Amino acid sequence: MNKFITEMARKAKENPQKIAFPESLNSDILRTASQVVKTGIGFVLLIGNQIEIEDLSRQEGISTEGFEYFDCKDEQNRILLAEEYRRKYDDFTEKSILRKAKDPVRCAMFLLKLGKVNCVAAGKEYSTGDVIFEAMSIVGLKEGVERVSSLGIADIPGFEGPEGTLLGLADCAITAQPDAADLAGIAISSADTVRTLLGWEPRLALLSFSTCGSADHESIDVIREAVKRVQKIRPELSIDGEFQLDSAIIPSVAAKKVKWESKVAGKANVLIFPNLHAGNIGVKMIQIFGKANAYGPVLQGFAKPVCDFSRSAPVEEMFGNVAMLVIRAGGENG
(Lines give C-alpha, C1' and ligand atoms only; values in the text may rest on other atoms or scores of the structure.)
Protein backbone atom coordinates (compact mmCIF):
# COMPACT_ATOMS: atom_id res chain seq x y z
CA MET A 1 0.00 0.00 0.00
CA ASN A 2 1.19 3.52 -0.74
CA LYS A 3 1.69 6.17 1.92
CA PHE A 4 -1.73 7.83 1.52
CA ILE A 5 -3.73 4.60 1.72
CA THR A 6 -1.61 3.40 4.65
CA GLU A 7 -2.39 6.63 6.52
CA MET A 8 -6.11 6.36 5.73
CA ALA A 9 -6.10 2.76 7.03
CA ARG A 10 -4.31 3.82 10.21
CA LYS A 11 -6.85 6.54 10.84
CA ALA A 12 -9.82 4.26 10.03
CA LYS A 13 -8.56 1.65 12.48
CA GLU A 14 -8.93 4.15 15.32
CA ASN A 15 -12.72 4.03 14.97
CA PRO A 16 -13.85 0.95 12.97
CA GLN A 17 -17.32 1.06 11.40
CA LYS A 18 -19.67 -1.53 9.91
CA ILE A 19 -19.71 -1.59 6.11
CA ALA A 20 -22.35 -3.21 3.90
CA PHE A 21 -21.07 -4.65 0.62
CA PRO A 22 -24.04 -5.42 -1.69
CA GLU A 23 -21.99 -6.92 -4.57
CA SER A 24 -21.04 -9.99 -2.58
CA LEU A 25 -20.43 -12.36 -5.51
CA ASN A 26 -17.68 -10.21 -6.97
CA SER A 27 -14.22 -11.57 -6.17
CA ASP A 28 -12.59 -8.12 -5.89
CA ILE A 29 -15.29 -7.08 -3.41
CA LEU A 30 -14.58 -10.21 -1.37
CA ARG A 31 -10.83 -9.53 -1.43
CA THR A 32 -11.44 -5.96 -0.29
CA ALA A 33 -13.82 -7.10 2.45
CA SER A 34 -11.28 -9.67 3.65
CA GLN A 35 -8.59 -6.98 3.80
CA VAL A 36 -10.95 -4.75 5.80
CA VAL A 37 -11.31 -7.49 8.43
CA LYS A 38 -7.62 -8.41 8.36
CA THR A 39 -6.45 -4.82 8.90
CA GLY A 40 -9.12 -4.12 11.53
CA ILE A 41 -10.46 -0.95 9.90
CA GLY A 42 -14.07 -2.11 9.94
CA PHE A 43 -16.69 -4.83 10.27
CA VAL A 44 -18.11 -6.47 7.16
CA LEU A 45 -21.73 -7.26 6.28
CA LEU A 46 -22.17 -8.98 2.92
CA ILE A 47 -25.59 -8.79 1.28
CA GLY A 48 -26.25 -12.22 -0.16
CA ASN A 49 -26.47 -15.95 0.45
CA GLN A 50 -23.80 -17.16 2.85
CA ILE A 51 -23.30 -20.54 1.14
CA GLU A 52 -22.86 -18.96 -2.31
CA ILE A 53 -20.47 -16.32 -0.97
CA GLU A 54 -18.35 -18.82 0.93
CA ASP A 55 -18.23 -21.20 -2.06
CA LEU A 56 -16.88 -18.42 -4.27
CA SER A 57 -14.44 -17.34 -1.56
CA ARG A 58 -13.03 -20.86 -1.32
CA GLN A 59 -12.61 -21.03 -5.09
CA GLU A 60 -10.74 -17.71 -5.04
CA GLY A 61 -8.68 -18.51 -1.93
CA ILE A 62 -10.22 -15.65 0.05
CA SER A 63 -10.64 -15.80 3.82
CA THR A 64 -14.22 -15.28 5.07
CA GLU A 65 -13.17 -14.90 8.71
CA GLY A 66 -15.15 -12.13 10.37
CA PHE A 67 -17.79 -11.84 7.65
CA GLU A 68 -21.45 -11.36 8.54
CA TYR A 69 -24.28 -11.96 6.07
CA PHE A 70 -27.75 -10.68 5.24
CA ASP A 71 -29.58 -12.70 2.62
CA CYS A 72 -31.94 -10.28 0.89
CA LYS A 73 -33.55 -13.12 -1.07
CA ASP A 74 -34.79 -14.67 2.19
CA GLU A 75 -38.40 -13.53 2.59
CA GLN A 76 -38.36 -13.67 6.38
CA ASN A 77 -35.33 -11.37 6.48
CA ARG A 78 -37.14 -8.88 4.29
CA ILE A 79 -40.33 -9.09 6.36
CA LEU A 80 -38.43 -8.28 9.56
CA LEU A 81 -36.58 -5.48 7.77
CA ALA A 82 -39.82 -3.99 6.44
CA GLU A 83 -41.53 -4.17 9.83
CA GLU A 84 -38.65 -2.42 11.59
CA TYR A 85 -38.39 0.20 8.87
CA ARG A 86 -42.12 0.98 9.01
CA ARG A 87 -41.91 1.47 12.78
CA LYS A 88 -39.44 4.30 12.20
CA TYR A 89 -40.29 5.73 8.79
CA ASP A 90 -43.34 6.15 6.61
CA ASP A 91 -41.80 7.02 3.22
CA PHE A 92 -42.26 3.47 1.84
CA THR A 93 -45.08 1.00 2.28
CA GLU A 94 -44.30 -2.42 3.70
CA LYS A 95 -45.16 -3.98 0.35
CA SER A 96 -42.76 -1.63 -1.43
CA ILE A 97 -39.92 -2.42 0.99
CA LEU A 98 -40.46 -6.17 0.56
CA ARG A 99 -40.15 -5.73 -3.20
CA LYS A 100 -37.31 -3.22 -3.26
CA ALA A 101 -35.17 -5.03 -0.67
CA LYS A 102 -34.78 -8.03 -3.00
CA ASP A 103 -32.17 -5.91 -4.75
CA PRO A 104 -28.84 -6.01 -2.82
CA VAL A 105 -28.00 -2.31 -3.20
CA ARG A 106 -31.49 -1.21 -2.15
CA CYS A 107 -31.35 -3.64 0.76
CA ALA A 108 -28.01 -2.18 1.86
CA MET A 109 -29.45 1.33 1.74
CA PHE A 110 -32.41 0.31 3.92
CA LEU A 111 -29.99 -1.21 6.44
CA LEU A 112 -27.91 1.98 6.35
CA LYS A 113 -30.90 4.22 7.01
CA LEU A 114 -31.92 1.98 9.91
CA GLY A 115 -28.44 2.18 11.41
CA LYS A 116 -27.79 -1.56 11.04
CA VAL A 117 -24.61 -0.58 9.19
CA ASN A 118 -22.66 2.68 9.25
CA CYS A 119 -21.90 2.96 5.53
CA VAL A 120 -22.35 1.25 2.15
CA ALA A 121 -19.64 0.47 -0.43
CA ALA A 122 -20.80 -0.44 -3.94
CA GLY A 123 -20.21 0.33 -7.61
CA LYS A 124 -18.06 -2.56 -8.82
CA GLU A 125 -21.00 -3.99 -10.77
CA TYR A 126 -23.71 -1.37 -10.30
CA SER A 127 -23.24 1.89 -12.21
CA THR A 128 -22.49 5.16 -10.44
CA GLY A 129 -25.93 6.36 -11.50
CA ASP A 130 -27.60 3.34 -9.90
CA VAL A 131 -25.70 3.73 -6.62
CA ILE A 132 -26.51 7.45 -6.42
CA PHE A 133 -30.16 6.95 -7.36
CA GLU A 134 -30.78 4.26 -4.73
CA ALA A 135 -28.93 6.22 -2.04
CA MET A 136 -30.91 9.36 -2.80
CA SER A 137 -34.21 7.47 -2.93
CA ILE A 138 -33.74 5.63 0.37
CA VAL A 139 -31.04 7.31 2.48
CA GLY A 140 -31.67 10.85 1.24
CA LEU A 141 -29.54 13.99 1.40
CA LYS A 142 -28.12 15.90 4.34
CA GLU A 143 -30.19 18.79 5.56
CA GLY A 144 -29.41 21.87 3.51
CA VAL A 145 -27.79 19.92 0.66
CA GLU A 146 -29.60 20.05 -2.66
CA ARG A 147 -27.38 17.81 -4.77
CA VAL A 148 -24.88 14.96 -4.46
CA SER A 149 -21.31 15.84 -5.39
CA SER A 150 -17.85 14.36 -5.24
CA LEU A 151 -14.42 15.22 -3.90
CA GLY A 152 -11.12 13.80 -5.08
CA ILE A 153 -7.78 13.97 -3.29
CA ALA A 154 -4.79 14.50 -5.55
CA ASP A 155 -1.24 13.65 -4.46
CA ILE A 156 0.91 15.72 -6.81
CA PRO A 157 4.67 15.08 -6.93
CA GLY A 158 6.62 18.32 -6.53
CA PHE A 159 3.63 20.39 -5.44
CA GLU A 160 4.29 22.39 -2.28
CA GLY A 161 0.95 23.55 -0.93
CA PRO A 162 -0.38 24.13 2.58
CA GLU A 163 -1.04 20.38 2.90
CA GLY A 164 2.22 19.30 1.27
CA THR A 165 1.61 17.45 -1.99
CA LEU A 166 -2.13 16.95 -1.35
CA LEU A 167 -4.95 18.98 -2.84
CA GLY A 168 -8.73 18.57 -2.69
CA LEU A 169 -10.63 18.77 -6.00
CA ALA A 170 -14.41 19.09 -6.46
CA ASP A 171 -16.70 18.33 -8.24
CA CYS A 172 -14.97 16.12 -10.79
CA ALA A 173 -17.47 13.29 -11.22
CA ILE A 174 -21.15 14.15 -10.67
CA THR A 175 -22.62 17.59 -11.45
CA ALA A 176 -22.21 18.60 -15.10
CA GLN A 177 -23.27 22.25 -14.99
CA PRO A 178 -23.82 23.46 -11.42
CA ASP A 179 -25.73 26.64 -10.73
CA ALA A 180 -24.87 28.94 -7.81
CA ALA A 181 -26.80 26.85 -5.28
CA ASP A 182 -25.12 23.68 -6.53
CA LEU A 183 -21.65 25.22 -6.37
CA ALA A 184 -22.32 26.47 -2.85
CA GLY A 185 -23.43 22.97 -1.82
CA ILE A 186 -20.35 21.41 -3.42
CA ALA A 187 -18.11 23.82 -1.52
CA ILE A 188 -19.84 23.22 1.82
CA SER A 189 -19.84 19.44 1.41
CA SER A 190 -16.18 19.48 0.37
CA ALA A 191 -15.21 21.55 3.40
CA ASP A 192 -16.91 19.06 5.72
CA THR A 193 -15.35 16.11 3.90
CA VAL A 194 -11.72 17.29 4.10
CA ARG A 195 -12.13 18.32 7.72
CA THR A 196 -13.48 14.89 8.72
CA LEU A 197 -11.31 12.84 6.39
CA LEU A 198 -7.98 14.62 6.58
CA GLY A 199 -8.23 16.96 9.57
CA TRP A 200 -7.65 20.03 7.40
CA GLU A 201 -8.94 23.49 8.08
CA PRO A 202 -10.53 23.97 4.65
CA ARG A 203 -9.62 26.92 2.45
CA LEU A 204 -11.91 26.80 -0.57
CA ALA A 205 -11.12 28.53 -3.86
CA LEU A 206 -13.79 28.77 -6.55
CA LEU A 207 -11.98 28.60 -9.87
CA SER A 208 -12.63 30.58 -13.02
CA PHE A 209 -10.86 32.05 -16.07
CA SER A 210 -11.07 35.35 -14.18
CA THR A 211 -9.47 36.59 -10.97
CA CYS A 212 -11.28 39.21 -8.89
CA GLY A 213 -13.23 40.72 -11.76
CA SER A 214 -10.48 40.65 -14.42
CA ALA A 215 -13.20 39.48 -16.83
CA ASP A 216 -16.97 39.63 -16.98
CA HIS A 217 -19.28 36.87 -18.15
CA GLU A 218 -22.57 35.41 -16.97
CA SER A 219 -20.78 32.17 -16.01
CA ILE A 220 -18.58 34.15 -13.59
CA ASP A 221 -21.68 35.65 -11.98
CA VAL A 222 -22.66 32.11 -10.95
CA ILE A 223 -19.33 31.66 -9.17
CA ARG A 224 -19.57 35.00 -7.38
CA GLU A 225 -23.10 34.22 -6.24
CA ALA A 226 -21.96 30.82 -4.94
CA VAL A 227 -19.27 32.47 -2.80
CA LYS A 228 -21.87 34.83 -1.31
CA ARG A 229 -24.22 31.91 -0.59
CA VAL A 230 -21.57 29.98 1.32
CA GLN A 231 -20.53 33.07 3.27
CA LYS A 232 -24.15 33.53 4.34
CA ILE A 233 -24.90 29.85 5.11
CA ARG A 234 -21.55 28.92 6.68
CA PRO A 235 -19.81 32.18 7.62
CA GLU A 236 -17.10 30.33 9.54
CA LEU A 237 -15.72 28.75 6.33
CA SER A 238 -12.75 30.27 4.52
CA ILE A 239 -13.96 30.59 0.92
CA ASP A 240 -13.04 33.05 -1.82
CA GLY A 241 -13.12 33.62 -5.55
CA GLU A 242 -13.41 33.95 -8.40
CA PHE A 243 -9.77 32.91 -8.84
CA GLN A 244 -7.71 31.59 -11.69
CA LEU A 245 -5.82 28.46 -10.71
CA ASP A 246 -2.46 30.19 -10.19
CA SER A 247 -4.07 32.85 -7.98
CA ALA A 248 -5.59 30.13 -5.84
CA ILE A 249 -2.46 28.10 -5.13
CA ILE A 250 0.64 30.23 -5.79
CA PRO A 251 1.27 32.91 -3.12
CA SER A 252 3.41 35.16 -5.33
CA VAL A 253 0.74 35.24 -8.06
CA ALA A 254 -2.01 35.87 -5.52
CA ALA A 255 -0.05 38.80 -4.12
CA LYS A 256 -0.09 40.44 -7.57
CA LYS A 257 -3.57 39.53 -8.79
CA VAL A 258 -5.87 39.45 -5.77
CA LYS A 259 -7.26 42.89 -4.97
CA TRP A 260 -8.45 42.23 -1.43
CA GLU A 261 -7.17 40.59 1.74
CA SER A 262 -7.91 36.87 1.48
CA LYS A 263 -7.45 33.87 3.74
CA VAL A 264 -7.61 31.64 0.66
CA ALA A 265 -5.73 33.27 -2.22
CA GLY A 266 -2.38 31.57 -2.85
CA LYS A 267 -2.98 28.98 -0.14
CA ALA A 268 -6.15 27.12 -1.08
CA ASN A 269 -6.26 23.45 -0.17
CA VAL A 270 -9.59 22.69 -1.89
CA LEU A 271 -10.31 23.75 -5.48
CA ILE A 272 -13.95 24.01 -6.60
CA PHE A 273 -14.25 23.71 -10.39
CA PRO A 274 -16.97 25.70 -12.18
CA ASN A 275 -18.33 22.65 -14.00
CA LEU A 276 -17.67 18.99 -14.73
CA HIS A 277 -15.85 19.76 -18.00
CA ALA A 278 -13.17 21.72 -16.12
CA GLY A 279 -13.04 19.23 -13.25
CA ASN A 280 -12.66 16.14 -15.41
CA ILE A 281 -10.05 17.76 -17.66
CA GLY A 282 -8.17 19.19 -14.69
CA VAL A 283 -7.89 15.87 -12.86
CA LYS A 284 -6.76 14.01 -15.97
CA MET A 285 -4.15 16.65 -16.78
CA ILE A 286 -2.50 16.45 -13.37
CA GLN A 287 -2.58 12.64 -13.56
CA ILE A 288 -1.11 12.46 -17.07
CA PHE A 289 1.35 15.37 -17.06
CA GLY A 290 1.95 15.77 -13.33
CA LYS A 291 2.12 12.03 -12.58
CA ALA A 292 -0.31 12.60 -9.70
CA ASN A 293 -2.20 9.91 -7.85
CA ALA A 294 -5.89 10.72 -7.45
CA TYR A 295 -7.94 9.13 -4.67
CA GLY A 296 -11.72 8.89 -4.63
CA PRO A 297 -13.93 10.32 -5.84
CA VAL A 298 -15.64 10.52 -2.47
CA LEU A 299 -19.41 10.83 -2.81
CA GLN A 300 -20.71 13.55 -0.51
CA GLY A 301 -24.05 15.06 0.39
CA PHE A 302 -25.92 11.92 1.49
CA ALA A 303 -27.45 11.75 4.96
CA LYS A 304 -25.14 8.79 5.65
CA PRO A 305 -21.85 7.83 3.94
CA VAL A 306 -21.94 5.90 0.66
CA CYS A 307 -18.96 4.91 -1.49
CA ASP A 308 -18.97 4.31 -5.26
CA PHE A 309 -16.14 2.20 -6.68
CA SER A 310 -14.84 2.61 -10.19
CA ARG A 311 -15.61 -0.63 -12.04
CA SER A 312 -11.97 -0.88 -13.14
CA ALA A 313 -10.53 -0.10 -9.71
CA PRO A 314 -7.90 -2.53 -8.36
CA VAL A 315 -8.32 -3.96 -4.86
CA GLU A 316 -5.77 -1.57 -3.30
CA GLU A 317 -7.72 1.44 -4.58
CA MET A 318 -11.00 -0.08 -3.38
CA PHE A 319 -9.50 -0.67 0.05
CA GLY A 320 -8.34 2.95 0.17
CA ASN A 321 -11.84 4.15 -0.71
CA VAL A 322 -13.34 1.98 2.02
CA ALA A 323 -10.83 3.33 4.55
CA MET A 324 -11.89 6.90 3.66
CA LEU A 325 -15.53 5.82 3.91
CA VAL A 326 -14.94 4.40 7.40
CA ILE A 327 -13.24 7.62 8.56
CA ARG A 328 -16.18 9.69 7.36
CA ALA A 329 -18.70 7.32 8.96
CA GLY A 330 -16.75 7.43 12.22
CA GLY A 331 -16.70 11.22 12.13
CA GLU A 332 -20.47 11.37 11.64
CA ASN A 333 -21.04 8.81 14.39
CA GLY A 334 -18.90 10.74 16.84
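**The largest pocket and its surroundings**

Modeller: The largest pocket has a volume of about 710 Å³. It is lined by 33 residues, of which Q287, A294, G296, P297 and E317 are the closest to its centre. A pocket here is an open set of points on a 1 Å grid over the protein atoms alone, with protein on both sides within 12 Å along at least five of seven lines; lining residues have an atom within 4 Å of a point. A volume is the space filled by probe spheres set on the points, which are joined across faces, edges and corners.

The model is predicted: local features need pLDDT of at least 70 and side-chain atom pairs pLDDT 80 or more, while totals for chains, interfaces and linings use all residues. Residues are numbered from 1 along each chain as its sequence is written, and side-chain values use heavy atoms, without hydrogens or water.

Strand β5 (149–155), helix α12 (276–288), strand β10 and helix α13 each give at least two residues to the lining of the largest pocket (DSSP runs numbered from the N terminus: helices are H or I of at least four residues, strands E of at least two). By class, this lining holds 16 nonpolar, 12 polar and 5 charged residues (Ala, Val, Leu, Ile, Met, Phe, Trp, Tyr, Cys and Pro are nonpolar; Asp, Glu, Lys and Arg charged; the others, Gly among them, polar).

The domain assignment divides the protein chain into domain 1 (3–140 + 302–332) and domain 2 (149–294) (bounds from an automatic or database assignment). The contact between them takes 9 residues from domain 1 and 8 residues from domain 2 (contact: heavy atoms within 4.5 Å). The C-alpha centres of the two domains lie 31 Å apart. At least three residues of the lining of the largest pocket come from each domain.

A search of the whole structure finds 2 cavities of 30 Å³ or more (a cavity is a set of points where a 1.4 Å probe fits but cannot get out). The largest cavity contains about 60 Å³ of space. Its lining consists of G296, P297, V298, L299, V306, C307, D308, N321, M324, L325 and R328. β10 (293–300), β11 (306–308) and α13 (315–332) each supply at least two residues of the cavity lining, which divides into 7 nonpolar, 2 polar and 2 charged residues.

The second largest cavity holds about 40 Å³. V145, E146, R147, T175, A181, D182, G185 and I186 line it, and by class these are 3 nonpolar, 2 polar and 3 charged residues.

Among the 17 residues of its lining, L207, L245, L271, F273 and G282 are the closest to the centre. At least two lining residues come from each of β6 (166–170), α10 (245–249) and α12, and α12 gives the largest share, 4 residues. The lining of this second pocket has 14 nonpolar, 3 polar and no charged residues.

The loop between α12 and β10 contains K291. K291 has a positive phi of about 55° although it is not a glycine. Most residues other than glycine have a negative phi. At 61% relative accessibility, K291 counts as exposed (buried is under 20% relative accessible area, exposed over 50%, partly exposed in between, with a 1.4 Å probe and protein chains only).

Finally, the nonpolar packing. I19, F21, L46, I272 and V322 touch the most other members of the largest nonpolar core, which has 59 residues (a core is a set of buried Ala, Val, Leu, Ile, Met, Phe, Trp, Tyr and Cys residues joined through side-chain atoms within 4.5 Å). Both domain 1 and domain 2 give residues to this core, so it lies between them. Apart from it lies another core of 32 residues, including F92, I97, V148 and F302. Beyond its neighbours within four places in sequence, V322 is in contact with I19, F21, T32, V36, I41, A121 and F309.
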